[in-house]
Amino acid sequence: MKKTLNLVLAAVTTVGLAFSAHAEDYITLASTTSTENSGLFDSILPKFEDATGIEVRVVAVGTGQAFEIARRGDADSLLVHDTAGEKRFVENGYATERADVMYNDFVLIGPADDPANISAAKTAAEALSAIAEAEAPFASRGDDSGTNRAELRLWESAGVEPGGSWYRELGSGMGPTLNTAAAMDAYVMSDRATWVAFENRQNLKLLFEGDKVLFNQYGSLLLSEEKHPHLKHEMAAKWHNWLISEEGQQAIADFKVDGQQLFFPNAK
Amino acid sequence: MEENAFYVALSLLVNLDASLYQIVVLSLQVSLLAVLIAAFLGFPLGAAVALWQFPGRGGVVVALNALMGLPPVVAGLGVYLLLSRAGPLGELGLLFTPSAMVIAQVILVLPILAALSRQKVEELLGEYREQFVSLGMSRARMMPTLLWDARFALLTVLLAGFGRASAEVGAVMMVGGNIDGVTRVMTTAIVLETSKGALPLALGLGIVLLTLVMVINATAYILSETAKRRMG
Amino acid sequence: MTSLNVPVNNPIELSAPPSLQFESVEFNPFGHRLFGPCSFKLDGPGPTLVMGPNGAGKSLMLRLAHGLLTPTEGAVSWSGASAPRQAMVFQTPILLRRSALANLRHALAVNNVPRKLRTELALEALARFGLSSCADTPARVLSGGEKQRLALARAWSLSPAVLFLDEPTSALDPAAIKAVELAVQEFHKQGTRVVMTTHDLHQARRLAGDVLFLSEGKVQEHTPADMFFRAPVSRQAQAYLNGELVA
């Protein structure tokens, strides 16, 4: 009995120690899976930590959930890619400032034999129309994420109301959606960063890129001190300002996968 | 691919780099602590339901049995809303910490431990009841005796709880946030690698997790079988 | 509790053992009568052997007397202000999944014997029943005879004023039966009221001071042992002793 008790105490103590080992200065950043999965944070966060001594803990979720986390006061900072949503967030008083940080772009991926022949399309809208016309399988995130919202805007501009058995709403993140598209040889729209870092491509290939409408802007938000006074606003401001500083912008530009730059800094 | 995954798993285990080590240790700490806390609450609860007759007892039994199937993501959502700054316990600032993960897993494991220990204790009580009454024992006095004498059965129950805790991903993902180096555990790392399309690595991590769980189960099995053979 | 500090070789109660009385006791769970109505009094020196065919209600009678079952009608009462300290030994001994010693320590613990005294008293009881070498053996791997002796040692350690035994030897070999019978006589000598059921006529002859004969849930006769075996009064007892099949 005594032995058991000692064991329990020992266990509790170790766990307690382990849990408190990270109690230094840190902020929690709510961001999107595309930034996390591509490896961008692994590349730039150490540089920020070196410069300021502040650790950034990233909770990578869909854009919709990231907004929700920030709205509830569970994150100190927010870095997402839904400019319209971000502006609304500021208007509603949850954030005091929004700044452009960087962009990457969306690309259209599909089976290598390209049954809808979208590689010949001149615009993204044309490419999507071709897919709809051929009724070729298309995998949509269907999760109200930034990417999903951008995709739906594109269908609208193409004058197509996506539906029918060829249009598959998966309700999952970018990675799982790519996995599924690879498994069923479907077309899919992805952000370039996730695609380049994605390893399970099977028969998938990048088929269409470069249209300006595929531009994917990331913004950083300074959260409202008034709504959530408990947040670490001072450190969060340092992070926000570092991102749009020369140093931060350079760090973003320096991040490359297979020699390819994935995010393009464009802070004003 | 599978061969590849086994190779990855093997090299993960052999090389055991610092970040993987941290993930493994955190997984074990979170799940073991959760199971321990759940046991301290769940075993007496299960024994109490077995021992006492009270109005609504049937409802409690059904509820405990049903809660064994509580979807982890629902438990995670509940704990998230509880610990969120906007929630009732937000002041504690526990969201996105290992403590939050422990709380969520306690909620997942508690019904399993309580429901199964109730069954085991009830069986044992059927065997012991006359002797207990003969000895003039109160129900409260029966509880520790029953819990101790059911120890081998309860160890199996404990392992079932640990299995659930270490295997679930929905709850820890939701309340832990899968933060690199802070709240990333085996299952959330597997989800992350899968979403990156790094399937061999994901599967390799899965094999590492399975190996760990097997080692723990095997140890417990050998210990309890040896003791059981000794105790008859 | 102080009685436990008295060396076990000394009689615990020098006065007559407490007497037990059944007054119109009935036991009919779910409206189905299994026992009684029955009235009798056990106030002789004993040991009292309860006999009768299968299903006669012998075990029920013991359980009603011991308080494991509550009578539906009537009352079980004892001489004296409160019920005396009692113990019961079952046909299949109910032993905890612990060592022999721990089984006794547990029984002493639940009877509020101070922690310091438990091991000593437990070892004493084990020694008395020839189980010293098995003190650390898990109770459930003991042989059948050893298990029953352990159950007796447990009862002994509690210094009961009344001991009930429910066919304690029915599954034992002759050597083990002898050990149990010696123990029963020892309890009796110490002034414990012994009430025991058995199917074994020879055993009853060896042990009984008086016999309570039951059939069909009722007491058919209650007579001193020599009279019962020589000249039973009831027709059922006569038939039983003649080896007839009685219901």
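Predicted model: local features only at pLDDT ≥ 70, side-chain atom pairs only at ≥ 80, totals over all residues.
1. **Chain B against chain A.** In this interface, 22 residues of chain B are in contact with 27 residues of chain A. Three helices of chain B each supply at least two residues to its side: helix 2 (18-51), helix 5 (98-134) and helix 9 (186-195). Helix 2 of chain B gives the most, with four residues.

2. Look next at the residue classes. The side of chain B that touches chain A has eleven nonpolar residues. Eight polar and three charged residues make up the rest of that side.

3. **Chain C against chain B.** Here 14 residues of chain C are in contact with 14 residues of chain B. On the chain C side, two elements give two or more residues: strand 5 (86-89) and helix 2 (100-110) of chain C. Helix 2 of chain C gives the most to this side, with three residues.

4. Ten residues of the side of chain C that touches chain B are nonpolar. Two are polar and two are charged.

5. **The annotated span of chain C.** An unreviewed UniProt entry carries the annotation "domain: ABC transporter" for residues 20-241 of chain C. In the model, that span is 38% helix and 24% strand.

6. **The six-stranded sheet.** Chain C holds an open sheet of six strands. The strand order is 5-6-7-3-8-9, and the pairing is mixed. Strand 5 and strand 9 (218-224) of chain C are the edges, each pairing on one side only. On average, neighbouring strands are turned by 15° against each other, direction ignored.

7. For a landmark, find C:Ala87, which stands opposite C:Leu163 in strand 6 of chain C.

8. **A helix on the sheet.** Which strands does helix 5 of chain C touch? Helix 5 (residues 174-189) of chain C packs on the sheet against strand 6 and strand 7 (193-197) of chain C. The direction of helix 5 makes about 150° with that of strand 7 of chain C.

Terms used: Residues numbered from 1 in each chain as written. Chains lettered and ligands numbered in written order. Contact = placed C-beta atoms within 7 Å. Nonpolar A, V, L, I, M, F, W, Y, C, P; charged D, E, K, R; others polar. UniProt positions renumbered as here; feature names shortened; annotations may be inferred. Pairing = 2+ DSSP bridges. Axes fitted to C-alpha atoms, helices over the stretch in contact; angles between N-to-C directions.
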